[in-house]
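Here are my notes on the model, point by point. Please read them with the structure open.

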Amino acid sequence: MSILHTVTWLRHRYTGPWSRDAWPEATVMEAGDVRISTISLLGVAASHGTPCVRNAAAVVPGTGGAPSPSQFASVVVTRVLAVETLPDDSLGAWVDADLDRCSPLLSEARIIGRPSIEATLPVQLRPSITTAAEAPVAALPIDLHPGDLIAVPCRGATSLRDIRPSSRHRSRLSDDRIDHDRDEFPLGHCGR
């Protein structure tokens, strides 16, 4: 066995199988990271915090990576805040992104920031610790723990306001708790 064979085998083992059609154009899987058009999602999360989003042209299905002239795809990077074992022996992971307002392809979700070769288990991705409703389920490694970063590809373009949970969002507050003195663009104050 040559060194090239060993390196190729290890790279495939750490990145796992993935569907090129589910990810944006020019996506490259690396051990512990995903790059889209040479931009590291790990680097984006480190510089901008989480949750964060990267949008690019979608891939035309079955072409091996040819970009679509009219469709977009995105990747959401979210941080695990807490993990617990649920009564059905699956895991519940509370993350800092609300995936209800985007179109996630959870079968393609993966950990970035560290390689993991552990077996996978169904993991419910919940946007807050107080969430009790059914949550989307992804197959992630058993050794998932707080602080891990998860990259989730999504159909279509996704904006940061679509995934950022906010206790100040008007749809989550009663009329007596809304601060009417603030302007209509609360995300304009974040400085990003």
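**Notes on the predicted model**

1. Start with D148. With a relative accessibility of 5%, D148 is buried. Its side chain meets that of R114 in a salt bridge, 2.8 Å from N to O. D148 sits in the loop between β10 and β11, and R114 in the loop between β8 and β9, so the pair ties together parts 34 residues apart in sequence. Bear in mind throughout that this is a predicted model.

2. R114 has another partner. D143 forms a salt bridge with R114, and the closest N and O atoms are 3.1 Å apart. D143 also lies in the loop between β10 and β11, with R114 in the loop between β8 and β9, so this pair ties together parts 29 residues apart in sequence. D143 is partly exposed, at 27% relative accessibility, whereas D148 is buried.

3. R101 is partly exposed, with a relative accessible area of 33%. D98 is buried, at 6%.

4. Next, the nonpolar cores. Nonpolar side chains tend to be buried together in soluble globular proteins. The largest core here has 20 residues. Which members touch the most others? They are L99, V123, L125, L140, L144 and I150. Strands β5, β6 (91–95), β9 (120–126), β10 (137–141) and β11 each give two or more residues to this core. A second, separate core has 16 residues, among them A22, W23, V44 and A56.

5. Setting aside neighbours within four places in sequence, its contacts are A109, R110, I111, A119, T120, L121, V123, L125 and I150.

6. Helix α2 covers residues 41–48, and its buried residues are L41, V44 and A45. Seen down the helix axis, these buried residues fall within an arc of 95°, so they line one face of α2. Residues three or four places apart in an α-helix point the same way, because there are 3.6 residues a turn. A46 and S47 are exposed on the other side of α2.

7. Check both ends of α2. S40 caps the N-terminal end: a side-chain oxygen of S40 lies 3.2 Å from the backbone nitrogen of L42. G49 follows α2 and has a positive phi, near 80°.

8. There is an open sheet of three strands, with order β1-β2-β3 and antiparallel pairing. β1 (27–30) and β3 (39–40) are at the edges, each with a single partner strand, so one side of each has no neighbour in the sheet. Strand β2 (residues 33–36) and β3 run antiparallel and are joined by two bridges. What is the bridge partner of I36 in β3? I39 is that partner.

9. S74 belongs to strand β5. Is S74 buried or exposed? Its relative accessibility is 0%, so S74 counts as buried. The S74 side chain reaches the backbone oxygen of G156 at 3.0 Å. That side chain also makes a polar contact with the side chain of T158, at 2.8 Å. Not counting residues up to four places away in sequence, S74 touches P24, V53, R54, N55, V152, P153, C154, G156, A157 and T158.

10. Last, G62. This residue is in the loop between β4 (52–59) and β5 (67–85). G62 is exposed, with a relative accessible area of 71%. Between G62 and D21 the C-alpha to C-alpha distance is 7.1 Å, though 41 residues separate them in sequence.

How values were computed:
Residues are numbered from 1 along each chain as its sequence is written. This is a predicted model: local features need pLDDT of at least 70, side-chain atom pairs count only at pLDDT 80 or more; totals for chains, interfaces and linings use all residues. Side-chain values use heavy atoms; hydrogens and water are left out. Two strands pair if DSSP finds at least two bridges between them. Helices (H or I, at least four residues) and strands (E, at least two) are DSSP runs, numbered from the N terminus. Buried means under 20% relative accessible area, exposed over 50%, partly exposed in between (1.4 Å probe, protein chains only). The arc is that of the directions from the helix axis to the C-beta atoms. A polar contact is a pair of N or O atoms within 3.5 Å; within protein, one must be able to donate a hydrogen and the other to accept it, and residues adjacent in sequence count only if both atoms are side-chain atoms. A nonpolar core is a set of buried Ala, Val, Leu, Ile, Met, Phe, Trp, Tyr and Cys residues joined through side-chain atoms within 4.5 Å. Contact means heavy atoms within 4.5 Å. A salt bridge is a side-chain nitrogen of Lys or Arg within 4 Å of a carboxyl oxygen of Asp or Glu.
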